[in-house]
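Please read the following report alongside the sequence and the structure.

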Amino acid sequence: MMNSSPINLSLSQLGEMLQAKKISSVELTQTFLDRIQQYNPSINAYIALDEGKTLAQAKAADARIAAGNTAPLTGIPIAQKDIFCAKGWQTTCGSKMLANFIAPYDAHIITQFDAAGAVNLGKTNMDEFAMGSSNETSYFGGVKNPWSFDRVPGGSSGGSAAAVAARLCAAATGTDTGGSIRQPASLCGFTGLKPTYGAVSRFGMIAFASSLDQAGPMAKSAEDCALMMNVMAGFDERDSTSLNREKEDYTRDLNLPLQGLKVGLPKEYFAEGLDASVGKVIEAAIAEYKKLGAEIVDISLPNTGLSIPVYYVLAPAEASSNLSRYDGVRYGHRAAEYTDLMDMYNKSRAEGFGAEVKRRILIGTYVLSAGYYDAYYLKAQQIRRLIAQDFVEAFKKCDVIMGPAAPSTAFKAGEKVDDPVAMYLQDIYTISTNLAGLPGMSIPAGFAQSDDGVSLPVGLQIIGNYFDEARMLNVAHQYQQVTDWHERMPELVLPKEVK
Amino acid sequence: MEWEVVIGLETHTQLRTNTKIFSGASIKYGAEPNTQACEVSIALPGVLPVLNKEAVQCAIKFGLAINAHIAPRSVFARKNYFYPDLPKGYQISQFELPVVGKGAVTIQVPAVGKNSAYEKVVNITRAHLEEDAGKSVHGAVEGMSGIDLNRAGTPLLEIVTEPDMRSAAEAVAYAKKLHELVQWIGICDGNMQEGSFRCDVNVSVRPKGTEKLGTRREIKNLNSFKFMTQAIEYETRWQIETLEDGGTIQQATVLFNPDTGETRSMRSKEEANDYRYFPDPDLLPLVISEADKDAVRATMPELPEAMKARFEAEYALSSYDSNALTTSRDLANYFVATVDAGADAKQSANWVMGILAAKLNAADTSIIDSPINAQQLAQLLRRIGDNTISNNAAKQVFEALWNAEGSVDDIIAAKGLKQESDSGAIEAIIDEVLAANAAMVDEFKAGKEKAFNALVGQAMKASKGKANPAQVNDILKKKLS
């Protein structure tokens, strides 16, 4: 497809070029830095860039390569969602509250990428404290969808999503509490994986809703995601919810045939609320899977409709407590003037948090309050177990579940900002996997025409059983061997030589 | 009307672990502010708690010591409130499912006349693990309050009683017993000045003979037994007077002012926080198996009650002595070491609780720092037992030992305190005394018993106090018969 630019190459191709010294890490990194310089002012995918630090890492990677001490991602530039603490980097979580915060320590996954010799390209934009589905709640401004600049990239990992889609990085990290990797992957047309809860350590990842948050890869292909998972996943004793399992090779099953694979289609995922144009793309993708030998099974996830109300009790409850530490006392934003302690708290938090964060803190505080706890929080926990049980039943009948990752293609900036419930419905197909702790991914499955005649990407969601990521990646990879949706690049950001 | 006071205690015991309950930071007391505040202590964005197993072992130890139900599954919960010394904006504690459930502590309450006591069982409702907050420091910086987070995350076991106590004396007896127990099993250093053992006391009053509990007020953070007595007595009087004057008691948290001896309301129930407890999603439920309990049980020292019973059976000590010797593990260990080194048990008990205790008390020294160790004391007592020295001489040797003047035998030799037990030599002295005091001999023979004692006295005097008095008696009796 391209001869001169490495930007659309897979991670393994880049790794081979680096190790064969056909390109240096510094050259590769500079290529992406140049693209960032060219496109970031319009796309706004990155919050923090530090060429000095980035190029120093690239140089160190080149030294490693010269010494023959390489790992698969050595020398490859990766964008990090600004939710991960990275020592010496501004780490804002998309909030004014942390606009002045320089992390003094590394998140677990940052340590893992450093150990692998990967290069930190910069910190990507995101909805404030990962609360949002359009990246419009970021204190640092919205992010443009590279397929259509007047549309949103999805959220909350909108910066990473735009960076991957616009080839402003080789791959990126994201986090997914209710769909924040998969919905933007669908809206921006790339491959994103939310692993099983507990597969990737949360240490150093700024908490939104602790029992739901999970970090995962955002990349061009399933194969790239597998290589990213090899670095990111694994037990970490600093996270009590990290599962103590043996390190696994997520690429091991990529090439298995899909003959006899049982694919469950939940009827609730194809009901009212799904855009017809999106539904058509998903149906075509399912047809492709049939050709690959998959067997289709009709299933039901009867409590799907409860997932959003349950999520909007539990996630804000945890968030209201998790965000209490931002009080202006030790770090972060503190109001310039205040009369006493209470006034300092009130003003610092009123100024430091945006409207959506405040909304969720208020909801969370309310549902945990004396007299409401049983009716909201406890009841939601009970329903959460029912939702998880739905999946247990479903996986008795199938190996993976498929459906849309989002109900629509990318919507226009500003379209839903004043209607939080409409915004929350963006995650209708993704939230229940977070509630159940299951892994889910979105892969490019084609394009749908918008009302105003723009061709926009559509993601197919694949949900697997607990710790079945290798199988899911195999299912995705085989599809990507017979389709090229994942290789499509947005016209708006094509390099000159390709145009 | 006759009133009855009803008292329950909540005690925060700081656990003797090496590190904080949810991080690897040190908990050493007295370090420079914030030098023991790691990322977790400061509550930086993204940090997570990891439970310290040592703290769990301490909780299990306590549960075993009070014969309590130890929960096979307990849950850490967040207690949410804003305060500058609470870095996360919530304290990790246990709420609905604590690690230690119902248990009991038997206390000896001193009766009004000393040397007697009555026994009472205080029921423990629960004990739960939690983290301590930091400290606000006022005045270090002009016009500002400082925050020291060294203490933030220090492991605490909060021990809650039923409202079982009926007087300040009972409450203090319980607090003292608990204070001894947590040190005995090694889970707390018991240092009240440094805040390692802090009591909150719930006090209410009701007409004697009625069942319904009165409204309680909670006296916070009492860090001495003396203040506890004063505070409870003041609070009890205040509540009774208020009710007798036709007033009502409002539920409140009060502070005791040691300078005025009064309690004063800090906040009323209306101002109380809604803590919005919920299970901490960062921590898994704490699971304790039978094997975990067995492993801790194997490290448990003999408990005071068992040791007391053993002292009575093995050493034929009185219940009073056995109880007194088991008020602290160090004292009991010292006593046992003395007996093990060959001293008589009853004599050891008398010396340990008598002369030694008085001397230690006067010098404000704990038994663990005693200048005279158990082996030295045993040697001294053996020298009384084998008639080398008299009881009186032993007291002089004790003083010299205290002042590190050498070994027991060296001191006896240096001070010439050895008793004369050579019967030939004593006979010679007695012969001289009899010859020189013929009149007394005659008086004795005429039936005057007193004359015998006078002759003994003369013999002792002639030996310069060194003759063995029992031998003098025997030989004199023979000579006069």
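Is the crossing of α11(B) and α12(B) left-handed or right-handed? The crossing of α11(B) and α12(B) is right-handed, where right-handed means that the near helix is turned clockwise from the far one by less than a right angle, and left-handed anticlockwise. This is a predicted model, in which local features need pLDDT of at least 70 and side-chain atom pairs count only at pLDDT 80 or more, whereas totals for chains, interfaces and linings use all residues. Residues are numbered from 1 along each chain as its sequence is written, and side-chain values use heavy atoms, with hydrogens and water left out.

The axes of α11(B) and α12(B), residues 391–402 and 408–415, come within 10 Å and cross at roughly 115°; axes are lines fitted to C-alpha atoms over the stretch in contact, with angles from 0 to 180 degrees between N-to-C directions. In contact (heavy atoms within 4.5 Å), Val397(B), Ala400(B) and Leu401(B) of α11(B) meet Val408(B), Ile411(B), Ile412(B) and Lys415(B) of α12(B).

Helices (H or I, at least four residues) and strands (E, at least two) are DSSP runs, numbered from the N terminus.

| Helix | Residues | Buried residues |
|---|---|---|
| α5(A) | 158–165 | Eight of the eight residues |
| α12(A) | 374–394 | Including Tyr377(A), Ile383(A) and Phe391(A) |

Because eight of the eight residues of α5(A) are buried, α5(A) is largely enclosed by the rest of the structure. Just after α5(A), Arg167(A) takes a positive phi of about 55°.

Note on methods: Chains lettered and ligands numbered in written order. Buried < 20%, exposed > 50% of the residue type's maximum accessible area, 1.4 Å probe, protein only. Expected span 1.5 Å × (residues − 1).
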